[in-house]
Amino acid sequence: MYAYDTFDQTFVDQRAAEFRDQINRRLSGALSEDEFKPLRLQNGLYLQLHAYMLRVAIPYGVLNARQLQMLGDLADRYDKGYGHFTTRQNIQYNWTKLSDVADMIDALASVQMHAIQTSGNCIRNVTTDAYAGVAGDEWLDPRPTAELLRQWSSLHPEFAFLPRKFKIAVLGAAQDRAAMKFHDIGLWAKLDDAGQPIYDIWVGGGQGRTPRVARLFQKAVPLADLLPTLDAMLRVYNLAGRRDNKYKARIKILIDEMGLEPYRAAVAEELGQIDRSVFAPALGEYRRIAAQFETAQRPALQGQKLPQGSPAFQAWLQQNGMAHKVPGYAAIAISLKAKGAIPGDASGAQMRAVAALAERYSASELRVSHRQNLVLPWVKLNDLEELYHALLEQDLAEANIGLASDIIACPGLDYCALATARSIPVAQALSHRLRERERLQGPLDLSLNISGCINACGHHHAANIGILGLNRTETETYQISLGGRADEDAKVGDILGPGFSQDQVPEVIETLIDTWQALRADGEDFATTYARVGKQPFKEAVYV
Amino acid sequence: MSDTLDLQPAEQGAGEGWRLDGDGSFTAAPMPTLDLLLEPEAVQDLGLANLLPLQSIGLVFKTPHDGRSFSLARRLRNAGFDGRLVALGRLMPDQARHAMQSGFDGLWLEQDLVERHNEAAWRAALDVVVARLYSQQRLPASLAGRLAGPDIWQQRSQGQ
Ligand code: SF4
């Protein structure tokens, strides 16, 4: 893992002091709420329905045991004993007091963490594959690139007051496990013939009220050109992006209105003016960072064997385990989607328990996934059974990773000031039904995501079955979309038809699943069946 | 030059205010005399090349939420503008760092803005901020004090 040196530590310490000063000036009235707003947002602080929410960055989803333990302690000390892991590798505390925030930030800095740019109209926490560095299908570990981008974008003076938020994801594997094509910029890292990193740059992806799959901006950009290119892309966006309507301010709209070709031309012109010498140290910096990740990799282990175990153990391993690139190890996902649970929520006690398990079984390392679960990336095969029993004791052995009951949901009307409908109770009701169905029928191979408003933080557009909560004539209504996907074949789902009441939703979802099961060819997942048969049979089944 | 471009000449010397410079000094001063005062929308029409020969340019921030003038400053510096670049308008003390690091020489602030944030916050504007970025683009020659000097990546590469 990447460890801070004194420069990194001074950077976050100074930022913590700066934010403490800003909070004090807000409390004294020197800063108006309008002025304080962008400053607090850039430090991850939202004003929600009932309280302030602090969103803490887990850069590219990587954590060590000590850090997770601290996140658990913060949940107990400053929240109501819970934290909420998000789809962008952050954790949110929904019940923080403004007067506590500076102390929370100091506590985070003491374990090399921060809340910098987890919100606001700036470059957000850079995300990646939760299995980075361990996935069998990986060409290049994306974490050094993500860390390089974290450093480059942190407190970037020019890009702190953009037209709108700006999200970047980096991938280095054949499979997209980070919804890269739904980001403002997606980087797909590969290796050139000489074994050096090159990047396909995708632009203009996003969800919200105008969902867009990113388009290819440029192929095979060498590492030396990466930062100058991003710098030029962001500058053109900062200057030309719309500021008259916040719903039209993301780069996807600029690309729609300007056209991809003219945008490319504007970026090329900008690039021609850039002083590239500024970016020259980035190459050495990349190597310095990459070396840290390389030394943390473990050599192949001899004498490790997949245990037999009980059928329940086998089912868990099958569902939550992932083949590792290093012989002798497995990567194990811990589901935060137990039957009836709030997706992505973990208690302080659970976080500390998982931290202890990471210390014991996973080289003290953890990951947070885009689907709001945790991953232990370095589990020895011989330890798997023991780990399974330890997880069972903590109620953390739910074997449903990647299944229908592994629901992504945003906080919705229970917390969020922008929500038009509740999403948590809908997710909980569905979780009960779907988990039961999976118990009886076996794995249900589909993704189901729920958002509490059109902003789509719950990624409903990108789900095989998406649920969007709306408020029509003062009653919550849930609109369903089908066929979306967040992988390398990313697609925005098609709206099925008129919405349903909250009570109807579970029944409707079960009908959709019945329909898929009746139509599917052997072993077909939902997305494949839907691509083959289209919307009509599903429509006929639910609107009778 | 400004006449040939048919621009609104800056209102020279109008209004009381304060200037904050890149060394952190903060002094009462009338509005500076500038060759050109620009709002972000206007730059596109003028063309960058026409601006380069000017001695001094003021870029206006209409609200603290609009960061276009930071990018305009950087674009001007990248294109080789060597004159004095001043940020004016609705800025916050917290944005002084952004301005200097984007290529401005200093800020000029109206009296009411200085009073509302209080003078002390402006005086401390360059003290209580993260002074060293990981990657810093070319700074104006006038910059001195905390914000001047090599960035983190340069220092690391030199083994400091
Ligand atoms: S989708 Fe809407 S309700 Fe859900 S978290 Fe985002 S803004 Fe809030």
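Reader: How many residues of domain 2 of chain A are in contact with domain 4 of chain A?
Author: This is a predicted model, in which local features need pLDDT of at least 70 and side-chain atom pairs count only at pLDDT 80 or more, while totals for chains, interfaces and linings use all residues. Residues are numbered from 1 along each chain as its sequence is written, chains are lettered from A and ligands numbered from 1 in the order in which they are written, and side-chain values use heavy atoms, with hydrogens and water left out. The bounds come from an automatic or database domain assignment, which gives 134-293 for domain 2 and 408-542 for domain 4 of chain A. With contact taken as heavy atoms within 4.5 Å, domain 4 of chain A contributes 14 residues, and the number from domain 2 of chain A is 14.

Reader: What area do domain 2 of chain A and domain 4 of chain A bury between them?
Author: Buried area is the accessible area (1.4 Å probe) that two parts lose on being put together, summed over both. Carbon and sulfur atoms carry 63% of the area between these two domains, and the total is about 1,200 Å².

Reader: How many salt bridges does the rule find across the interface of chain B and chain A?
Author: A salt bridge is a side-chain nitrogen of Lys or Arg within 4 Å of a carboxyl oxygen of Asp or Glu. Between domain 2 and domain 4 of chain A the count is zero, whereas over all chains the structure holds 62. Across the interface of chain B and chain A the number is seven.

Reader: Why does the salt bridge of B:Arg156 and A:Asp5 join two chains?
Author: The side chains of B:Arg156 and A:Asp5 meet with N and O 2.8 Å apart. Helices are DSSP runs (H or I, at least four residues), numbered from the N terminus. A:Asp5 lies in the segment before helix H1 (6-28) of chain A and B:Arg156 in helix H7 of chain B, so the pair joins two chains.

Reader: Which residue of chain A forms a salt bridge with B:Arg156 at 2.9 Å?
Author: In this salt bridge of B:Arg156, the distance is taken between the closest N and O atoms. The partner of B:Arg156 is A:Asp8.

Reader: Which residues of chain B lose the most area to chain A?
Author: The contact takes 41 residues from chain B and 47 from chain A, and the area buried between the two chains is about 4,000 Å². Three residues together account for 19% of what the chain B side buries, namely B:Tyr134, B:Trp153 and B:Arg156.

Reader: How many charged residues are in the shell around the ligand?
Author: The residues around the ligand (a heavy atom within 4 Å of it) include A:Cys410, A:Cys416, A:Cys453 and A:Cys457. Ala, Val, Leu, Ile, Met, Phe, Trp, Tyr, Cys and Pro count as nonpolar, Asp, Glu, Lys and Arg as charged, and the others, Gly among them, as polar. The shell has eight nonpolar and three polar residues, and the number of charged residues is none.
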